[in-house]
Amino acid sequence: MKTLNWDNPLAAPTSGVQSRSVEAGQDNALAPTDALTRPIKLTDQTQQLIQTEINSDFPAAGINLVKPATYEDSANDAESGPQRRSSTTQEATATAQTPPATLSVGVSARRRERGTAEPFTPMKPINSEDKRVVNGMGDINQLAPFKYPWAWEFFINANKNHWTPLDINMAQDVHDYHHNLKSEERHVYENVLAYLTTSDILAMRNIGLAVMEKMTAPELQIYQARQVYEESLHTWTYQHCIETIGLDQSEIYNRYRVVPEINQKIQVANRRLNAVMRSDINLRNSDDLQEFVLSYAFFSGIFEGCWFYNGFSPIFALQRRGLMKGTAEQLQYIMRDEVMHCSFGIRVVRQIMQEENVTLDPRDIRDMWDEAEAAEMAYANFLLPNPILGYSAQDHHEQFRFTANRRARQLGFEEPFAGAKNALPWLDEQSNMRKEKNFFETRVTEYQTGGALKWE
Ligand SMILES: [Fe+2]
Ligand SMILES: [Fe+2]
C-alpha cells in the first residue's frame, strides 16, 4: 500500500498519523505518481514556508505563535476597527523574524480559537414576522419560513422561462438587414440596439449592486440573483444580434456617448440609480429610505416597465411586417423577463412603503414622470424623424404615456398622463409570447413559457 502525506504532498510519501492511504491504481485521480513519490529539492524559503504551515497545526512543536485573537478582540473590532487593525499590523511586524509564515500561523490559530473557545448557544428561531424587505431582523442565510411566498413564486416562474439567444434562428434577419430594410429602418434597428446594450448592463449593475444588498429577506434576494443573470443574458442577446447581423460593434456600443438623445436616457437612469449606490446610505433614515424607494420605483416602473416595454416596440413593428423576425423574437423573450422584473420591483416598492410607512412627496413623483417623458420624447424624435411603415414618433410617445399610467396605478401613484391612449394596441399581445401564439416559427427549441405568469 502506497501512502501520500496529505499535509505536505511535495514531500516524499510517509506513513503515520497525518497521512491518508490510497490504494495504487484504485483511483487515478488520487493515485500517487512518480512525480509525487520522487523526493523534491526545495529552496530554503519554500521549505521554511511549508514547515511553518505544517507546524501551525501543531503549536506545541515550538513555533513562535502570534497571540491568538479572542472573542473580546472580535467585539472590539466593531468599535475600534482601525486601531485593532493597526495593532495586528504591529504584531505582524514584531514577529517578522519568520515573515509571512508567522502571520499565517496567527490567522490559523485565531480561526481555531473562534471555533472552540465559545460554547455553542442555540439561537432563537426565525419567525416570518421578523422579516422585512429592508431593515429586517431575520437571517439573510435562512430561506424559510417565508414572509413573501410570492417572491419565491417569481423565482420558480423565472426558471420556467429559460432560453438563450443561440436558440433563435437569425438567418433571415441577416438577409433582411442587408437587402430588405430601408435606410430609416436600419437607423431604427441600430439605435434601438445601441440604447438597449447600455441599458441592460446598467440594469444588471443596479439590481446587483444597489438593490439586492439592501434586501433583508432571502426570498427577495434569490429572485434578484436570477434577475441579475437575466440582465446579463439580455446583454448577450444584443451582442449576439450585433455580431450576427455584422454591425460595427465599436460604433454601436459607442453611440450612447455621441448621440445626445440616447445619452440623456442613460444619464437620467445613472443619476437616479447611483444616488442609492453610495456606501453611507442608511435606510433607517427616512430621507435616505425615501430616496431608495423613489429610485427603485423609477427602476422597476419606468426603466424596466416603460423604457424597456416601449423600447422593443419599434422592432416589433418591423416584425409585424415580416422583417427582422429573429431579433424580434429575441426581444419577446427579453420582454417577458422584463415584465416579471417590473412586476416584482413594483411589488417590493409597495411592500417597503407599507412596512416602513413611507410617503413620497408627490412633487418628486411628478418630476420623475416628467423627466422620463422628456427623455423618451427626445429619443423617439431622434429614432423616428420620419415615420416608418406602421410606426411613428407620436405613436411611441403616446404609448409611453399610456404605459406610464399603468405603472403608476400598479405603484399606487396617481396617473401622470390623464387621457393617454393605447396607441399600439398590438403591443401587449406581442409581449404575450405563449407557445400557441408563436406563429413566426423562428424558434429552434421549445420551452415552457411560464403559463402561470400573469401578463401586465
Ligand atoms: Fe434586461
Ligand atoms: Fe430587467
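## Basis of the model

Residues are numbered from 1 along each chain as its sequence is written. In this predicted model, local features need pLDDT of at least 70 and side-chain atom pairs count only at pLDDT 80 or more, while totals for chains, interfaces and linings use all residues.

## Helix H8 against helix H11

Helix H8 (residues 183-211) packs with helix H11 (residues 260-274) at an angle of about 5°, their axes being 10 Å apart; helices are DSSP runs of H or I with at least four residues, numbered from the N terminus, and axes are lines fitted to C-alpha atoms over the stretch in contact, with angles from 0 to 180 degrees between N-to-C directions. H8 and H11 are therefore roughly parallel to each other (angles under 35 degrees count as such, and those over 145 as roughly antiparallel).

Residues of H8 including Tyr195 and Leu202 meet residues of H11, among them Ile266 and Leu273, where contact requires C-beta atoms, placed from the backbone, within 7 Å.

## Helix H11 against helix H15

The axes of H11 and helix H15 (residues 362-383) come within 8 Å and cross at roughly 155°, which makes H11 roughly antiparallel to H15. On the H11 side Glu261, Ile262, Gln264, Lys265 and Val268 take part, and they meet Glu371, Ala375, Ala378, Tyr379 and Phe382 in H15.

Pro218 lies in helix H9 (residues 218-245) and is buried, with 21 other C-beta atoms within 10 Å (the cut-off for buried is 20 or more). Not counting residues up to four places away in sequence, Pro218 touches Ile140, Asn141, Gln142 and Leu143.

Definitions and conventions: Chains are lettered from A and ligands numbered from 1 in the order in which they are written. Helices (H or I, at least four residues) and strands (E, at least two) are DSSP runs, numbered from the N terminus. Angles under 35 degrees count as roughly parallel, over 145 as roughly antiparallel, 65 to 115 as roughly perpendicular and the rest as oblique. Two residues are in contact if their C-beta atoms, placed from the backbone, lie within 7 Å. A residue is buried if 20 or more other C-beta atoms lie within 10 Å of its own, exposed if 12 or fewer, and partly exposed in between; C-beta atoms are placed from the backbone.
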